[in-house]
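Subject: Structure for you to look at

Hello,

Here is the structure I promised. Please open it next to this email and follow along.

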Amino acid sequence: GNSLFAFSYETFRWTEAGGAELLGRATTSVLGVGAGTPDISNDGTKISATVLNDTSEFATIGVWTLGEGWRTAEIPENYPKDCAPLDNSLGSAWGLSGDGETVVGLYWRGGAMGGGSAHATAGPIDALADLGSLADNRSSRANAASDDGRVVGGWSERGDGLWQPIVWVDGVLTQLGDFEAFCAVDGVRADGLTVVGSGKDPASFTVGDAYRWDFDGENWVPTILGTLPGTFQPFGLATARSITADGSMIVGYNRFGVGNETGFVWTEQEGMRSIEDYLADNGISVPADLLLLDVTAISDDGSTMVGVAFDTTLGRYRGYRILISSPCPADLDGDGVVNGADLAIMLGAWGPAKGSPADLNGDGAVNGADLAILLGDWGDC
């Protein structure tokens, strides 16, 4: 995430063992500008963010690697040929593929006439590609990617400037709807077969509604997830941000009106509920002085959620993590059974592995103790 410590908007990395660690290269304190949202690879070793470039002249797309530090996109070698600085920025990072190899976001286009000053971009940090937009004189941005980076979601402006939800598959753009609102794809399922975000249900009295689109082999089929009860125009909206690997759970943000918002959880069985109601049903009480404003991400297996809260006692924003207990923690691939596939995952993570799901006893290493737990849970969950 980004830290508001000393108003630096500096990227940080959090681990259970070490807490929050600032990663440096904050742009706001040097250039007065900041943009983008940090993201992290599945194994936790890579982080994408908008950071200072190597000469500290520009904000740019960067990828941090554990044990190596930052690598940044520079001009002219790493960006598309028409990239040029705008307001001390070359581009901004908005998402990272699960394998850590593809960073997505936008870059600024020099000399763009009649609009279209920004285009969505995706690729390895040293070879970012132009994903284009609905029209040459319209801007676009990429927000999220599948684990392998082949499927990218985001938005592109239509002729009147309204953002429309977009998916790029192997670089080919598809518009997911024509909405009379600012809408976008904000999350991509691990396998790329589902994307989530916002659309505009013509029958609703909201600014925007949470949506999902599932690929059926030929087309992207929309499903309206809607909004929480009590969400109305002129300011009410909802957007889906993240989805589990099996597509059964989606989390996001719901704004009832000005200054009144909350996170939500959607499940196939129960539809959309506020995060507070969902937690109450799972036996988790939220402190009275903590307002859970947004649920920004959910893990592939649905066991972990993270988001943004406001602490009314301290008067400041705080990040939070929610752990939903699993009846079968040894089911590492989430298929409902502990078998050879889970054993293979554990053996692949063998050794020091802080934060690994295969570290079943939480001692910071995957070893014989974890193997004993897995063998004890063998069979159906």
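First, the residue classes: Ala, Val, Leu, Ile, Met, Phe, Trp, Tyr, Cys and Pro count as nonpolar, Asp, Glu, Lys and Arg as charged, and the others, Gly among them, as polar. This is a predicted model, where local features need pLDDT of at least 70, side-chain atom pairs count only at pLDDT 80 or more, and totals for chains, interfaces and linings use all residues. Residues are numbered from 1 along each chain as its sequence is written, and side-chain values use heavy atoms, without hydrogens and water.

The pocket. By class, four nonpolar, two polar and five charged residues line the second largest pocket. Among them are Lys46, Glu68, Arg71, Glu101 and Asp126.

The helices (DSSP runs of H or I, at least four residues, numbered from the N terminus). Helix 3 covers residues 340–348 and helix 4 covers residues 368–376. They pack at about 175° (angles run from 0 to 180 degrees between N-to-C directions). Helix 3 is therefore roughly antiparallel to helix 4 (an angle over 145 degrees). Contact means heavy atoms within 4.5 Å. Helix 3 brings Asp342, Leu343 and Met346, and helix 4 brings Asp370, Leu371 and Leu374. That contact has four nonpolar, no polar and two charged residues.

Gln164 sits in strand 14, residues 163–169 (a strand is a DSSP run of E, at least two residues). Is Gln164 buried or exposed? Its relative accessibility is 0%, so Gln164 counts as buried (under 20% relative accessible area, 1.4 Å probe, protein chains only). Beyond its neighbours within four places in sequence, Gln164 contacts residues including Leu134, Trp155, Arg158 and Phe179.

Best wishes

Terms used:
Angles under 35 degrees count as roughly parallel, over 145 as roughly antiparallel, 65 to 115 as roughly perpendicular and the rest as oblique. On a 1 Å grid over the protein atoms alone, a cavity is a set of points where a 1.4 Å probe fits but cannot get out, and a pocket is an open set with protein on both sides within 12 Å along at least five of seven lines; lining residues have an atom within 4 Å of a point. Buried means under 20% relative accessible area, exposed over 50%, partly exposed in between (1.4 Å probe, protein chains only).
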